[in-house]
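Subject: Structure for your review

Dear colleague,

Please find below the structure that I am handing over to you. My findings follow it.

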Amino acid sequence: MDAALARAEQVAREDLVMFVNACFSCTGQREFYNDARGQAVSIEFLHSYILGNYRRLYARTLAAGINHFNQAQIILNLLATGKQTRAEDKQEEGALLAAALRALPPQRAFRVLEVLRERRINNRRARAIAQEYLEGRPDLGFDAIKYRSKLRATVAHGHLKLGGELNPFLFHGWRKRVYATPLLEKFRQAHYDESAIFELPFTVAEGLAVKHGIPRDVFLTRIEPRLTAAERLRLQGSAARADGVTLTMDLGRAPLTKLALYVLSLKSEVRRERRNELHAALEQAAARTLRRASVPLGRVAAVLDNSYSASGSSEKRRRPLAVALAAHYLLSASAREYRAFWTNPVEEPLLMGARGQTDLATPLLDALDWMPHLVVVVSDGYDNDPPNAVAEVTRVFRTKLDPARRTSIVHANPVFASELYAPRGIGFHVPTVGVRDAEDLPTVLGFARFAEGAAPLSELEDYLAARVRRLLERGPRSQTSAEPLEASGEVTGEATTAGEEE
Amino acid sequence: MAHTETKRILPTGLRLAPSQVWGSIRLVPVLRDEVRGDLRFARRTYDDDLTLVSLKGGLMEPGLKYISYVPHGLVMGWDDRSRSAGAIFGTQLHKPEGKALKVGPFTVRVLHRMAHREDKNRLRLLPLHLAMEGFLALHFGGPEVAWTEYSQEAVSRGLDPRSEWSVPGWSSTAFDEALRIFEIHEQQVGVLIFHADLLLSAFIVSHPEDYRALHRALLEDFYGDLLLQYGFLGDVPPLSLSIEDRRVSSLGDLRAAVARMREDWGAFQGFMAGGVFGVEVSASTVYEAGPFHLQRFVTSLSPSEENHLGEVIVRGDGTLEYLKTYRLSAAQTRRAYLLKQLSQADWNLERAAVNLKTTRNDLMLRLSNAGFGYLLKESVLQAALRQHQGRR
């Protein structure tokens with residue numbers, strides 16, 4: 001009986017580790033090796049499997065720092081199956097749902113509310129959570145303009161009553177009346193008058209500018225003060241290319257991985273020219289990330305994959321490469337001693353591109369020669385020169401050369417392999433953890449000991465419970481946007497590294 | 001046909017790297033450590049539905065023609081004073097080649113020769129079509145003595161027109177995907193394409209940059225039936241080697257073990273490509289360009305072995321500079337083999353049957369099954385068929 005119980009516990013732990021790992025990396029988009037359809041089928045299966053078997057832990061995964069795509073999926077799935085919640089879990093689950101929804105970036109949260117209607121989820125709890133979310137928004141008037149169709153869907157679906165002029169605004173729009181609320185009135189005017197456009201949020205103004213036939217360069221110049229940081233970063237390249245407009249941008253404020261993506265999107269000449277500026281910005285972003293989630297590390301070697309497959313897919317262009325670059329800056333900022341080993345060596349990480357075959361074994365051997373405390377491998381898990389070499393190297397190293405574990409090796413994988421239902425690993429002797437942004441690294445390094453299989457299920461449950469407490473204790477926040485950083489930033493305290501555990 | 005010699009194609013100056021596998025396709029990178037840079041290739045695309053290559057005579061005059069779908073040609077630039085050909089390479093403007101005709105909704109391009117010299121140090125060639133044309137022209141003339149069994153058509157016109165069909169690379173989605181995700185090495189100059197672990201084709205050029213540019217063009221080339229025939233087979237095994245822990249006691253040992261692993265891969269894949277490398281082929285020179293001799297070749301055509309045809313350029317010191325091959329299907333090999341046997345027996349059916357250790361009737365049936373029924377007189381073939389059925 002004991003053996004059966006132990007086996008059941010092991011299965012449960014493996015299932016959960018697999019699920020949390022998937023939730024860190026999979027976004028249902030196409031990857032270099034797998035198409036979007038396979039990804040979607042794979043992640044959907046995992047969600048329904050975990051939801052059916054481990055409902056409480058499924059809900060608690062919301063607090064594990066997983067990516068927004070999977071948070072949204074969990075919220076929807078839980079709301080759709082509210083009846084199955086056990087009585088003793090009801091309160092915690094409700095609180096978790098509300099907290100997670102609140103922490104999502106607004107466009108994602110509103111999308112969740114919109115999908116409630118698409119999937120015809122309309123129970124009392126779903127309505128209450130929608131209502132609570134809307135009440136918690138700092139400026140619903142702004143949301144009514146920026147996310148108008150989504151908000152309208154939510155209000156109609158849940159029969160909600162909003163205060164002031166919002167209900168007539170959502171359902172009658174600009175045609176019916178003059179509004180007393182300034183922002184709504186500006187939106188109405190902008191349909192008739194060009195000058196009012198520039199008081200609106202960028203995404204709304206963009207469509208109206210086309211309607212009025214305003215030239216793109218004039219529009220970009222005048223709307224500039226209204227751009228958010230993310231919009232600024234996204235538009236920089238295309239604005240300069242197509243319209244000759246330079247957007248002033250404080251690179252120092254962008255989140256680390258986004259910044260790395262931006263840097264890698266630049267041509268190599270431009271990168272060379274602006275090298276100092278970009279380097280400083282990346283260092284600053286790394287330092288800022290660490291202020292929220294500091295992990296003091298000892299002697300750290302990073303094995304980073306910049307082979308051709310790091311170029312990602314049309315939907316996730318250069319993401320694996322950007323994660324590697326961001327991890328380089330993050331680790332070099334947090335480690336006492338740091339060295340990077342790239343698969344295709346580069347004289348300057350900023351200038352590299354995704355090129356060539358994947359020979360992970362050689363840089364890993366170089367890294368091990370240097371005798372670090374911790375080796376972090378950032379790679380998609382495919383090695384082909386020669387195939388399977390890195391798995392063999394780690395196996396022999398673990399079992400023969402370093403059984404005492406003076407050096408720990410952790411593999412962080414930004415790519416979800418749909419056929420495995422998990423990020424692809426580099427052998428059985430190295431824990432593999434999924435990661436979407438380099439900012440998640442502190443979190444996933446903490447999670448690595450579960451992926452390794454050494455820690456028992458109870459510990460994993462405690463870990464998740466502690467994170468749930470932390471998330472719920474934070475209480476309702478009243479900020480407009482939750483930057484992707486913050487999700488991982490909260491977990492600072494217990495994000496210990498594999499290196500420190502020994 | 002030009003002077004034919006027997007030689008062996010050896011991968012001199014080249015090195016094989018571990019393969020990359022996708023589904024049933026295995027791609028083996030071919031690396032070159034010493035790049036001279038005096039022979040360069042570029043791709044020239046033709047967007048026509050059909051291409052007509054005039055092999056003899058003027059462009060629009062009657063004469064021997066080769067008709068096929070030709071998506072692209074290779075332009076070869078070289079320097080015989082061993083300066084770098086890279087400086088002049090790819091910088092020349094050129095006017096549209098040949099002559100474009102409109103036939104209904106289709107366009108037909110008429111080109112001059114398989115290998116056409118365009119400038120002092122520049123040659124345009126139609127890859128594989130060159131070899132395929134040589135293959136088609138094999139014993140093209142038909143019987144030289146008017147034996148009584150042969151039809152009037154065979155005696156007066158030989159095998160004209162003779163046709164073969166092949167499979168374009170894009171008809172296999174697995175191949176498309178395998179090329180897309182393939183990670184090109186820095187020194188890579190070529191690739192061996194295996195399908196279900198059978199060598200389908202080899203493509204090698206002289207310069208890594210040219211290979212990088214031509215990599216996706218492999219999809220437009222044509223391949224033997226194998227590409228379709230084995231398309232439904234499952235994945236090929238990843239064939240992972242392992243390291244013996246007993247021999248490893250330090251990181252240095254581990255590094256050596258990985259190096260050995262890599263070498264084992266190269267040796268093993270060289271062994272798998274034994275159908276092209278190291279076997280005797282009969283080659284004929286098509287063009288001499290400075291120190292470079294463009295030859296087309298075909299292997300023994302023995303039905304029990306794998307047979308390839310293709311083109312090759314070998315430098316004076318034996319370095320393999322250019323190679324492109326096509327694997328003949330079993331049916332194609334049979335056809336070529338029969339023609340060769342007939343030709344060796346001076347097209348005498350009796351003698352050929354004796355050489356093949358069979359009867360005259362069986363030989364005629366084999367000819368008919370291979371698609372050469374039109375060579376024989378209708379009445380003779382019918383008689384052979386009747387006798388065959390009677391015997392059963």
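In this predicted model, helix α6 (residues 106-118) of chain A packs against helix α9 (residues 148-158) of chain A, with an angle of about 40 degrees and the axes 8 Å apart. The two helices α6(A) and α9(A) are therefore oblique to each other, and their crossing is left-handed. On the side of α6(A), the contact is formed by Gln107(A), Phe110(A), Arg111(A), Leu113(A), Glu114(A), Leu116(A) and Arg117(A). On the side of α9(A), the contributing residues are Ser149(A), Lys150(A), Leu151(A), Ala153(A), Thr154(A), Ala156(A) and His157(A).

Helix α1 (residues 2-25) of chain A and helix α2 (residues 36-53) of chain A pack at an angle of about 135 degrees, and their axes are 11 Å apart. This angle makes α1(A) oblique to α2(A), since only angles over 145 degrees count as roughly antiparallel. The crossing of α1(A) with α2(A) is left-handed. From α1(A), the residues Asp15(A), Leu16(A), Met18(A), Phe19(A), Ala22(A) and Cys23(A) meet Ile43(A), Leu46(A), His47(A), Tyr49(A) and Ile50(A) of α2(A). The contact of α1(A) with α2(A) involves nine nonpolar residues, one polar and one charged.

Regarding the overall division, chain A is split into domain 1 (54-188) and domain 2 (297-492). The C-alpha centres of domain 1 and domain 2 of chain A are 34 Å apart.

Most residues other than glycine have a negative phi, and most peptide bonds are trans. The peptide bond from Asp385(A) to Pro386(A), however, is cis, with omega near -15 degrees. Pro386(A) belongs to the loop between β3 (374-378) and α20 (389-401) of chain A.

Arg318(A), which is not a glycine, has a positive phi of about 60 degrees. Arg318(A) is located in the loop between β1 (297-304) and α18 (319-334) of chain A, and with a relative accessible area of 27% Arg318(A) is partly exposed. Met371(A), also not a glycine, has a positive phi of about 55 degrees. Met371(A) lies in the loop between α19 (361-369) and β3 of chain A. Its relative accessibility of 62% places Met371(A) among exposed residues, for which the cut-off is over 50%.

Yours sincerely

Methods
Residues are numbered from 1 along each chain as its sequence is written. Chains are lettered from A and ligands numbered from 1 in the order in which they are written. This is a predicted model: local features need pLDDT of at least 70, side-chain atom pairs count only at pLDDT 80 or more; totals for chains, interfaces and linings use all residues. Side-chain values use heavy atoms; hydrogens and water are left out. Axes are lines fitted to C-alpha atoms, for helices over the stretch in contact, and angles run from 0 to 180 degrees between N-to-C directions. Helices (H or I, at least four residues) and strands (E, at least two) are DSSP runs, numbered from the N terminus. Angles under 35 degrees count as roughly parallel, over 145 as roughly antiparallel, 65 to 115 as roughly perpendicular and the rest as oblique. A crossing is left-handed if the near helix is turned anticlockwise from the far one by less than a right angle, and right-handed if clockwise. Contact means heavy atoms within 4.5 Å. Ala, Val, Leu, Ile, Met, Phe, Trp, Tyr, Cys and Pro count as nonpolar, Asp, Glu, Lys and Arg as charged, and the others, Gly among them, as polar. Domain bounds come from an automatic or database domain assignment. Buried means under 20% relative accessible area, exposed over 50%, partly exposed in between (1.4 Å probe, protein chains only).
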